[in-house]
Amino acid sequence: MKQKYINKYRPYPAVVMPQRSWPDKRIEKAPTWCSVDLRDGNQALIQPMNLEKKLEMFRLITGMGFKEIEVGFPSASEVEYEFTRVLIEQNLIPEDVVIQVLTQAREHLIHKTFESIKGAREVIVHLYNSTSVLQRRTVFRMNRREIVELAVKGAQLLKEEEKKYPETRFRYEYSPESFTGTELEFALEVCERVMEVLQPTKENRLIINLPATVELATPNIYADQIEWFCRNMTDRESAIISLHTHNDRGCAVAATELALMAGGERVEGTLFGNGERTGNVDIVTLALNMFTQGVDPELDLSDINKLIDVYERICRLPVHPRHPYAGELVYTAFSGSHQDAINKGMQAYQDGDSGRWAVPYLPIDPSDVGRTYESIIRINSQSGKGGVAYVMDKDFGFKLPKSMHPEFGNVIQRVTDKEGRELQRREIFKTFEQEYLKIDTPYKLKGFHVAKRHISAEIPESRAEIEATLSIDGRDVEIFAKGNGPLDAFCTALKENITGDFRLTSYHEHALEGGSSANAAAYIEIRYPDGLKAWGIGVDTDIIVASIKAVLSSLNRHSNLKPRK
Ligand SMILES: CC(=O)SCCNC(=O)CCNC(=O)[C@H](O)C(C)(C)COP(=O)(O)OP(=O)(O)OC[C@H]1O[C@@H](n2cnc3c(N)ncnc32)[C@H](O)[C@@H]1OP(=O)(O)O
Ligand SMILES: CC(C)C(=O)C(=O)O
């Protein structure tokens, strides 16, 4: 970026308000949500929705619990008009939902808008005209007085049209479009003049929508503007202050949150932030931000994958893989320390009884939005032993002893370094099988028999005698020995006849559940006279045989794979 161009831009003026109160406020309840997916979202699509798609989107958002829905700009196109008619004529609007229609403050457009809503039970007619300094000068070439007259005329036309449709309950919304580019006292003046015409009451309040049509400044300034506006209104109680932000600086969610603290009561936005340019505020993020603070957002987001599917198909826009709460990768940790912390945090959460979610790196329980734990940890070269152990446990039921995690983590690390890509879960399991379960050279178990077992009340230790047949480099060898138990006897037989000395340093076992046909796994760590240590694993329906296999697995790994210390 060239320095000389910096003079093209100037800083946005601050709002003078020494005793702003919003910084100390909190969001404690959900606002009234108004979805503008079918209007502001739709008008920004490369290929706007046809009638069927609009209907599908309408069903999706009513299903989520939106009670106010801007269904379109009926005077703008045939589809918009037709869609409004279909909703009304086919009685598709749920009892507790109110549709909203947008119109500019222009006579023929207002007239057509009212025609489109004939027969509706209740409607919000949303009137707007731009009031900003820039648009007054460059688009309208009107002074302040003329802009006020334009808005007042629009409001008067609403009142006139209303008389033709006595069967409908009308509510109104007025937007000084480009509010954030308008002098505050002028925006207030226009709104109050419109209020004078529409005569709202405490019982039938006018929605005053204060849009950041283009996001021009930091979110605190928008909050100041909202607080200033609320404080200075003559009749605050007859208005519902509505927020409508865009995301030009990437702060629409933050701006809306601060503005809610500043007095906003209603929010217009879209799913996943679709909308003009960088989009409207993303209601999914806003609502789930509230949810993570223990505030009921009063929207159903429990099946976020369904929302994504329908949204992507209808809007032909992808949801970014890192989109808050929704992206494909947001419940996934690749890096080792994150995996380790999530793994431990999940365990602590499952063991705990407070019911409060507290898992490092995961601000929300994925299952609350219909996502599963399985996809949380994925393995690539950035991953660590904890993540690998998590996958072995959650996907395959192998609870690797903690002291074994580094060894298998290193095995997987060598594969990911070599492949240079993410490993699929079945590839991790295949590596595990080859490394521990299928390794059978030089020693392969051909037969194992516990010849005698003796347990006596008088003798403290039990005794056992075993016979086993091993194939060693293709040659069958029979061994016999006595010991404290079958495992001890087997190790004695090996040491005396085949391998020389070694020492068992760790032993773990557990039942295997789920898809495995075997039902027990044994993990044995052996220290060898050369100072090396190696884990071995055995799986069998008989836990004794599983432990025998685990010993051979370790011996084979020690012989073949040069395990590290
Ligand atoms: C910030 C927002 O998202 S606002 C919503 C914007 N959405 C849309 O515009 C989508 C649909 N719009 C349309 O299809 C068209 O613009 C229509 C049907 C509304 C109007 O169509 P047209 O009149 O043919 O075209 P166009 O929009 O270019 O009209 C511009 C004229 O309207 C005037 N105008 C624009 N906004 C307003 C307004 N709110 N009130 C009064 N006049 C307005 C302009 O000054 C301009 O006047 P001019 O012709 O004397 O120069
Ligand atoms: C019509 C108005 C509310 C609008 O869409 C905007 O200002 O972005």
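**Stop 1: the ligand shell**

Select the residues around ligand 1: they divide into 8 nonpolar, 6 polar and 4 charged. Here Ala, Val, Leu, Ile, Met, Phe, Trp, Tyr, Cys and Pro count as nonpolar, Asp, Glu, Lys and Arg as charged, and the others, Gly among them, as polar. The shell holds 18 residues, and the closest are Ala 76, Gln 104, Ala 105, Arg 106 and Asn 129. A shell residue has its C-beta atom, placed from the backbone, within 6 Å of the ligand.

Now colour by element. Helix H1 (37-43), strand E4 (122-130) and helix H5 (133-140) each give two or more residues to this shell. E4 gives the most, with 3 residues. Helices (H or I, at least four residues) and strands (E, at least two) are DSSP runs, numbered from the N terminus.

This is a predicted model: local features need pLDDT of at least 70, side-chain atom pairs count only at pLDDT 80 or more, and totals for chains, interfaces and linings use all residues. Residues are numbered from 1 along each chain as its sequence is written, while chains are lettered from A and ligands numbered from 1 in the order in which they are written.

**Stop 2: the recorded domain**

Select 31-305. An unreviewed UniProt entry lists these residues as "domain: Pyruvate carboxyltransferase"; such annotations may be inferred rather than shown by experiment. The stretch is 44% helix and 19% strand, with its end C-alpha atoms 24 Å apart.

**Stop 3: Leu 494**

Go to helix H16 (residues 486-499) and pick Leu 494.
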